[in-house]
Amino acid sequence: MKGRDLAELAGRNLREAFLRNSLTTIGICVGVASLVAMLSLGVGLQDLAADRLARTGLFDAIFVTPRSAAAAYRGTVGAGSGSAQPPKPLDEQARHQMATLPNVVEVYPDIRFPIEIHYAGNSYATVAAGVAPSARKDGAFDGMRGSFFSSPDAAETILQIDLARQLSDNPDALVGRELTLRYAEREPLPPDPASSKSAPDGFSIVPKDKDLRIVGIVETEPAGGIGSLGRGRLLLPLQLAETLRTARANDLRDLLRDSPSQHSYESLTVRVNDPPRVKAVEDSIKQMGFTAFSLLDASKSLSLVFTVFDLFLGIFGSLALVVASLGIINTLVMAILERRREIGILKALGASDTDVRSLFFVEAGAMGSLGGVLGVLLGWLIGYGINFGTNVYLKGRNLPSIQVTAVPWWMVVAAIAFSIVVSLAAGIYPASRAARLDPVEALRYE
Amino acid sequence: MTNPTPIAIRSDRVSRHYQMGEALVHAVDDVSIEIRAGEFIALLGSSGSGKSTLLNLMAGLDRPTSGRIFAEGRNLAEMRSEELAKHRSHTIGIVFQAFNLLPRMTLEENVELPLRLAEVDREERRARVREAIERVRLTARLTHRPSELSGGEQQRTALARALVNRPSILLADEPTGNLDSVTGDQILRLLQEINETGVTIVMVTHERPRAASFSRRIVVMSDGKITSDGGSA
């Protein structure tokens, strides 16, 4: 029988037992909806976690420090030289080398220093931190009041909300105002005329003031890298922070080196364009003679956890579809009993076993397709409801909205395909039974 | 010298036995018969004589336990299930005592059904359905369902359905069994008209007078065997 005729006859048969076939289709729909809702929750939570983690800047970042002197010494003893080499300095040259490595987006130091703020006649002691341009995508800046820095070296600042509350009872009103930052600047000493060295032998520390315009207020400080310890409450553009030449702990180490005028970093953060490439960059940095650390392994574990989570959600969701498939078997077996004589007539008129089998398959497939499409729609609606409810709850607690469910296109296609496959599988037994019916026996059936 | 009329159906020592509990029923027992193209045969016999079973074997609805049965030269006993379906679709037309129309289809749709199964094009289908319905004079009832038709009209519809694929052999199993005598005669006259167009007709009946009036050869069966062959009107 031609496909169109098969479809017409199947459609007619499905319409004739409308209530029963509708109930069976609804069963499939509920099964698919349960599967889609469960999986959409799993995928949504995974996306949410991945997005949040990506926004922390932790999973595409490598934290680089100089090797400790002890480690360097162990290395040389092992090599048989017998003399300890000083650790390779993490200086401007090293920073430049790292910046030229493939897939490296940005290399920046962790700049954090104590400051005093002067605002409206009052002084406040706190910690300032430099913020790299790439931090603009950081989750900490989601829903910030005001805006991000207008340029990497703008004389602008973003305040953490706790500090802003200290400065003013109405923190929002601070945006656009100016404050004065007092910090300790490292000022090189003039060269000693008695010394043969042209470079200065040391530095003095002097207080300096810098006027800054407040451009934004954030709830939390961006992570800024793995090695960041302590919280910076006043954020500066990183380039500006670097030009301030603030006194830092590493300055004392620089003073003891042969070339004290050459500034080195305590640590650097290397950002990579894609988390899977972190490992290769990390290895290159280690080969350059530095200590490097990333959270990639933690990311892999997280991915594994979510894969298992999705698997279990999928299994629970599929159970409903299995129950629905039993409904299909029941409906079609009942249809065989009711249509026994009709099958006999069809065979007497020239229908082959294949025609009869196909007819039942098309009916099962039609119920599966329709149930699958409706199920995806219902599953999406359930997901939408979960999202809506979650966001109403979060809004009530003054928290930013999130997306906890997601129905990607592959899930739509897979759920409908799965529904059709399960329906066809459920139709195998009834269809084969119908095809095997003896026409003489079937025609005798009353 | 003229060519002999070709054989439409031939059974060669064909038997059909059923196991009914402990007993073995010999529904058709060692039956050999030749039916020539264009014949109108009445298979006569009492209930349980095996005439309907023999008809089912000729239709390819059933398979013989032993022996051979040929339709237009092809041995039905050796055909695969799909080939038998084609045989029923293209060579044979069947009419039943109980009409066996599909109740939720209209007259037109019932008649069209064998053409769908035979994968005939839609355009041609429409023309052949009209032609078959005109032949049984039911043009005015195209959109009626079987429940809206009289017994005679239902049997005429079944006849149109049997003829729509233009079979060379028409098998009728008690076609007048559910009809009053007037309507029954009308159906038999229709069968005669069809036979006059060259279609071989094998009709199962238990009414000897009717068989004698309308068929040209009477074959009598009893206990699965042919007891008499050749009596005619």
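Where is the place of A:Leu437 in chain A? Select A:Leu437: the loop around it runs between α12 (409-436) and α13 (439-444) of chain A. Helices (H or I, at least four residues) and strands (E, at least two) are DSSP runs, numbered from the N terminus.

Before moving on, note that this is a predicted model: local features need pLDDT of at least 70, side-chain atom pairs count only at pLDDT 80 or more, and totals for chains, interfaces and linings use all residues. Residues are numbered from 1 along each chain as its sequence is written, while chains are lettered from A and ligands numbered from 1 in the order in which they are written.

**Stay on A:Leu437.** A:Leu437 is buried, because 20 other C-beta atoms lie within 10 Å. Contact means C-beta atoms, placed from the backbone, within 7 Å. Next, pick A:Asp353. A:Asp353 is 84 residues from A:Leu437 in sequence, but 8.6 Å away in space, C-alpha to C-alpha.

**Switch to chain B.** Chain B has seven helices and 10 strands. Of its 233 residues, 48% are buried.

**Go to where the chains touch.** Here 18 residues of chain B contact 17 residues of chain A. Select α2 (81-90) and α3 (107-117) of chain B: these elements each give two or more residues to the side touching chain A. The largest share, five residues, comes from α2(B).

Conventions
Buried ≥ 20, exposed ≤ 12 C-beta atoms within 10 Å, placed from the backbone. Contact = placed C-beta atoms within 7 Å.
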